[in-house]
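Biologist: I am new to reading protein models. Could you walk me through one, a feature at a time?

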Amino acid sequence: MKVPALSPPPRHDGPARHVPVVRSTIVERRGRLDYFAQGARAARAIRRKCHATLILLVVAVLPAASWAADPSQAEQAAALPDLSLYHLEGEWRTQEGTKLELPDLAGRPRLLSFVYTYCEHTCPTIVARLKAIADHAEGESASNLQVTLVSLDPGRDTPERMKAYMAEQGLDARDWLMLHGDPDEVLGFAAMLGVRYRPMGDSDIAHSNMITLLDAEGVVRYQSKGLDDDPQAIVEAIEALDDPDGA
Amino acid sequence: MWGVFAAGLAAFALGAGAVVPPDMAPIGAGDYTPLYKEEGEAREVHVEAFLLDRLPVSNADFAAFTREDPRWAPDRVKPVFADAGYLSHWQGHDPMNPEDIANQPVTNVSWFAARAYCRARGKRLPSLDEWEWAAMASEDSPRAGDDPAFQARVLDWYGTPAFARLPDVADTWENFWGVRGMHGATWELVNDFNTALVSGESRADSELDNSLFCGAGAAAAVDPSDYAAFMRYAFRSSYSATSSIRSLGFRCARDLVELETTNP
Amino acid sequence: MRIMKPSWHFRFIGLLAIATVIWLVMPTATADDELPVIEAIVTSAPQVPPPVNRDHPAKVIVSVDTTEQVGRLADGVEYIFWTFGGTVPGPFIRVREGDLVEFHLNNRPDSKMPHNIDLHAVTGPGGGATSSFTAPGHTTQFSFTALNPGLYVYHCATAPVGMHIANGMYGLILVEPEDGYPEVDREFYVMQSEFYTKGDFGEEGLRPFDMDEALAENPDYVVFNGSVGALQGDNAIRAEVGETIRLFVGNGGPNLVSSFHVIGEIFDTVYVEGGDLLNHNVQSTLVPAGGSAIVEFKVEVPGKLHLVDHSIFRAFNKGALGTIDVQGESDVAVYSGQQYEGIYLPEGQAEQLVGEAHAAPASPKAASAEERILFGQRVYERNCLACHQAEGQGLTGAFPPLAGSDYLLNDPKHAIEVLLDGLQGEIQVNGVTYNGVMPAVRLSDEEVANVLTYVLNSWGNDGGVIEPSDVASYRGTN
């Protein structure tokens with residue numbers, strides 16, 4: 001094991017990040033979301049207090065360690081944890097046409113899905129679900145959340161088209177972001193998340209209905225593989241970002 | 001045979017001034033029948049002419065790359081790009097020593113690492129269709145899919161456990177296009193490995209799972225008894241972009257067009 | 001927000017400390033977490049793990065490797081088996097109804113193929129196949145609650161599914177009912193399956209899989225527990241007289257349904273198809289491909305009991321044979337052993353054959369008296385020897401002699417009549433009275449002539465020749 005796995009890894013990632021079976025009660029990862037779901041409020045409250053204390057500590061200690069105003073990409077990337085997806089190189093453009101690289105996305109927790117604007121199948125359902133999740137989640141992470149849609153159809157989804165799409169869908173640019181990249185960059189990003197897709201016919205692209213939650217540093221915290229999965233689980237995963245041992 | 005004709009065309013396309021690097025073979029254009037066809041899709045897929053490495057990438061080749069770009073060295077690679085098995089077979093071996101494993105195909109590389117290697121060489125990974133098309137050739141035919149002897153030889157390798165020592169890259173048979181080791185050395189990575197819309201449950205994959213996937217339609221195996229193709233398909237759908245597998249290697253490809261423009 | 005980044009390690013250490021404190025003060029845990037955790041005991045066929053013997057559910061950890069390895073299919077015949085746990089069939093897994101099973105599937109690095117597992121005991125997509133699809137050198141984990149008790153098959157379900165099963169990837173998982181099964185003296189694990197190889201049954205060497213045979217459902221081997229002889233000779237199951245035996249029988253297929261039978265036993269109880277339905281006093285029970293049965297019987301007497309698929313050519317020509325070697329005192333009241341050995345002479349056979357003589361098969365034509373005697377000897381050995389004995393001496397009181405028989409030699413042509421029509425009632429031969437039945441013999445004219453000529457020229461008889469024309473003329477006049 002190269003790096004301690006601090007989060008439940010994406011399922012498809014296989015054994016490299018396979019967490020050794022730990023047979024104690026609390027550390028059992030599978031049970032943790034269940035635990036929250038069942039609302040052991042007392043313990044939760046204790047942890048929240050501890051978290052607050054910790055943040056105070058961090059804030060108190062940190063000023064000396066804060067970095068230069070305009071760090072280079074390499075420096076930014078170097079500061080990311082090893083499990084951050086933002087290590088992936090490549091240039092992207094937003095719906096505003098602004099160029100960015102993935103390390104620029106660090107700083108906000110992020111819900112990520114791969115769609116394309118001409119999609120007539122389940123993409124609208126996914127977008128609706130993302131809206132609902134963002135609306136329902138509460139807490140600091142939820143309020144800071146940015147939902148990100150990566151286009152699987154870079155040929156047709158120009159920044160202009162993406163911007164129009166966001167307007168059509170009523171997606172607020174403060175909390176929503178669309179990304180356009182070269183086909184090969186899109187493939188790499190999708191592959192990293194385990195998203196499968198392929199062109200079907202002349203204009204359709206069949207693709208995974210996957211929703212991924214990244215923390216502020218780009219580490220996968222939760223993945224919902226399909227529309228059969230309970231969206232409440234994603235809501236809870238977002239809220240769990242606020243809990244210290246959920247980080 | 002039209003395949004020969006296609007090869008001739010490829011050579012013609014290369015003719016005027018373009019130089020094929022000696023380590024790559026031109027693969028003629030052609031049509032091949034993929035294992036799965038989606039509803040409404042043509043039975044055959046057209047593959048444009050392209051260039052393919054004559055040999056799989058060896059341990060020595062890859063070791064040289066990791067020295068040029070230490071981000072891909074076994075002790076440096078980030079877990080988002082390769083899992084814990086990455087290059088693990090180098091432990092206790094010298095990947096540069098021809099007496100040791102230098103000339104064996106490199107395996108235990110992730111898709112990300114293979115992609116980075118090809119990019120560093122000005123190449124790319126072959127697409128799934130390109131790989132399958134080039135791999136359909138026997139020694140004397142570009143299209144030996146229906147040849148029982150060819151099928152038997154391919155299956156021979158699939159049926160052999162991977163514990164046998166890998167052959168040196170040059171010690172495998174050369175096919176019609178002048179490419180070695182497509183069958184009988186290792187599985188090989190392709191660029192768009194993630195195009196198989198599988199749920200992990202092969203018996204349900206004739207229909208697109210509409211919970212897991214956005215899209216319409218059903219896929220049907222064109223020839224369900226082509227179990228060599230089934231095995232490749234199943235294998236490709238089993239790994240992720242970070243997986244390292246002892247029997248999985250790769251080689252690189254290049255566009256012909258790109259060659260024409262870069263070799264005046 | 002970026003303010004957090006440089007503090008990663010610091011924060012991590014802090015979290016560890018806090019997590020530890022919380023762990024200490026944690027008041028409750030989820031239902032899952034309250035389950036005691038048990039490592040499953042698994043066994044290779046024919047052994048079965050001990051009964052779970054629990055009155056509460058547990059979390060049971062099962063960890064199984066998938067392998068691809070060369071092994072023995074029959075003497076001199078090797079095959080590349082794909083396995084669960086390095087054996088065919090795979091390990092026997094035993095849990096209790098309500099248990100939470102945490103399943104780890106580990107695909108060995110030297111595997112060429114991805115594998116997964118579909119446990120028929122799982123309620124969920126693919127029986128676990130979806131969640132356990134594992135590339136070589138990787139491992140996956142999933143959990144399921146064993147909702148339904150019974151005996152279930154598990155198998156690999158990776159494409160091409162048939163091939164993964166045909167190569168040996170199956171086994172059994174038993175989900176005991178909450179109250180368990182009744183106590184028995186011995187339990188064994190028997191799994192039938194078939195193998196499709198290039199080459200015929202017994203053809204030596206490393207034999208590859210044959211897809212054409214698999215499609216035709218025409219295996220070279222049908223075996224119990226993964227190879228010919230896996231339950232025979234030194235590998236036979238052993239038991240003592242008076243013990244009750246329970247067999248957990250599975251059928252991995254991939255194609256054939258088993259007519260499972262134990263020669264010389266009657267199943268006192270069958271858990272039909274491995275479920276709750278009990279049937280009693282069963283001779284053969286069907287075990288579907290991908291299905292199971294539990295059979296119980298008390299062994300009352302010593303001896304060897306043979307397990308077969310009663311589609312019987314599979315047993316004697318393809319390997320579906322096993323042995324239970326029962327030791328102990330015999331009980332003649334249950335089974336006497338042989339009490340008499342004698343001659344059986346069915347009645348009424350002469351009548352059955354009336355009118356069928358014309359259908360007699362062709363036979364070689366003798367060109368000389370010597371040939372007639374030679375051919376006649378073969379006819380005698382096939383048709384007459386059993387009663388009249390090798391030297392024509394007969395059995396005094398039962399079958400009259402032919403050697404030196406006054407009855408025969410005084411009127412040899414009368415023998416034609418006897419052969420063609422049979423003989424019933426009292427006769428005198430050399431002064432001894434016989435009152436039996438000789439059936440009509442279904443022979444051609446040529447054969448009748450040959451056998452009688454043989455008899456007339458053997459064992460000191462004084463010679464003579466019967467011609468086929470003599471036989472024909474008798475038939476003509478009667």
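Modeller: Gladly! Let's begin with contact: two residues are in contact if their C-beta atoms, placed from the backbone, lie within 7 Å. Helices (H or I, at least four residues) and strands (E, at least two) are DSSP runs, numbered from the N terminus. This is a predicted model, where local features need pLDDT of at least 70, side-chain atom pairs count only at pLDDT 80 or more, and totals for chains, interfaces and linings use all residues. Residues are numbered from 1 along each chain as its sequence is written, while chains are lettered from A and ligands numbered from 1 in the order in which they are written.

Biologist: Which residues of H10(C) and H11(C) meet?

Modeller: From H10(C) come Pro412(C), Ala415(C), Ile416(C), Leu419(C) and Leu420(C), and they meet Val448(C), Leu452(C) and Leu456(C) of H11(C). By class, that contact holds eight nonpolar, no polar and no charged residues. Here Ala, Val, Leu, Ile, Met, Phe, Trp, Tyr, Cys and Pro count as nonpolar, Asp, Glu, Lys and Arg as charged, and the others, Gly among them, as polar.

Biologist: At what angle do the axes of H10 and H11 of chain C cross?

Modeller: Axes are lines fitted to C-alpha atoms, for helices over the stretch in contact, and angles run from 0 to 180 degrees between N-to-C directions. Helix H10 (residues 412-421) and helix H11 (residues 445-456) of chain C cross at roughly 130°, with axes that come within 11 Å. Angles under 35 degrees count as roughly parallel, over 145 as roughly antiparallel, 65 to 115 as roughly perpendicular and the rest as oblique. H10(C) and H11(C) are therefore oblique to each other.

Biologist: And how do H4 and H8 of chain A cross?

Modeller: Helix H4 (residues 123-136) and helix H8 (residues 231-240) of chain A have axes that come within 9 Å and cross at roughly 45°. H4(A) and H8(A) are therefore oblique too. Arg129(A), Ala132(A), Ile133(A) and His136(A) of H4(A) meet Pro231(A), Ile234(A) and Val235(A) of H8(A). That contact has five nonpolar, one polar and one charged residues.

Biologist: How many residues does the contact take from chain B and from chain C?

Modeller: Chain B gives 26 residues and chain C gives 31 residues. On the chain B side, the largest share, seven residues, comes from helix H6 (residues 227-238) of chain B. That side divides into 13 nonpolar, 10 polar and three charged residues.

Biologist: What makes up the secondary structure of chain B?

Modeller: Chain B has seven helices and 10 strands.
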